[in-house]
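This report covers a disulfide and a sheet. Please look at the sequence and the model first.

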Amino acid sequence: QVQLVESGGGSVQAGGSLRLSCAASGGTFSMYPMGWFRQAPGKEREFIAAIARIGTIIKYADSVKGRFTISRVNAKSTSTVYLQMNNLKPEDTAVYYCAADERQWIGVDITEDKYGTWGQGTQVTVSS
């Protein structure tokens, strides 16, 4: 089974940028669609972005479209999915999670119950 570890979170001012990384080990990373989700205090976890197993299909939540970019590297030495976040806003403050859809299909899903393995999360705080 794949294990996921996020990194790259931190505190930035509004308008700043961060790049989150999610390193995978075990499993067959290149066969899994991958997603990023976030959960703000007092709110439910929400979909942010997802990428198909070879990057041919990408989906974004409307709230981050044009500001966030998801990408992935499918290499034996670097099995990682990234989330580049630009023009950050205070409402982007949340714990960010990456997740693997281990159904090994060619598309992407935006619903969290389709993702079976999750990382521990990384905190992103954006101040105004």
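## Terms and basis

Buried means under 20% relative accessible area, exposed over 50%, and partly exposed in between, with a 1.4 Å probe and protein chains only. By that cut-off Cys98 is buried, with a relative accessible area of 0%.

The model is predicted: local features need pLDDT of at least 70, side-chain atom pairs count only at pLDDT 80 or more, and totals for chains, interfaces and linings use all residues. Residues are numbered from 1 along each chain as its sequence is written, and side-chain values use heavy atoms, with hydrogens and water left out.

## The disulfide

A disulfide is a pair of cysteine sulfur atoms within 2.5 Å. The count is one disulfide. Cys22 and Cys98 form it, with their sulfur atoms 1.9 Å apart. The pair links distant parts of the chain, 76 residues apart: Cys22 lies in strand S3 (residues 18-25) and Cys98 in strand S9 (residues 94-100). Strands (E, at least two residues) are DSSP runs, numbered from the N terminus.

The link of Cys22 and Cys98 is right-handed, with 55 degrees about the S-S bond. Cys22 is buried too, also with a relative accessible area of 0%.

## The sheet around S3

Four strands form an open antiparallel sheet, in the order S1-S3-S8-S7. Two strands pair if DSSP finds at least two bridges between them. Strands S1 (3-7) and S7 (68-74) stand at the edges. Each has a single partner strand, so one side of each is left without a neighbour in the sheet.

S1 and S3 run antiparallel and are joined by five bridges. Glu6 stands opposite Cys22 in S3.
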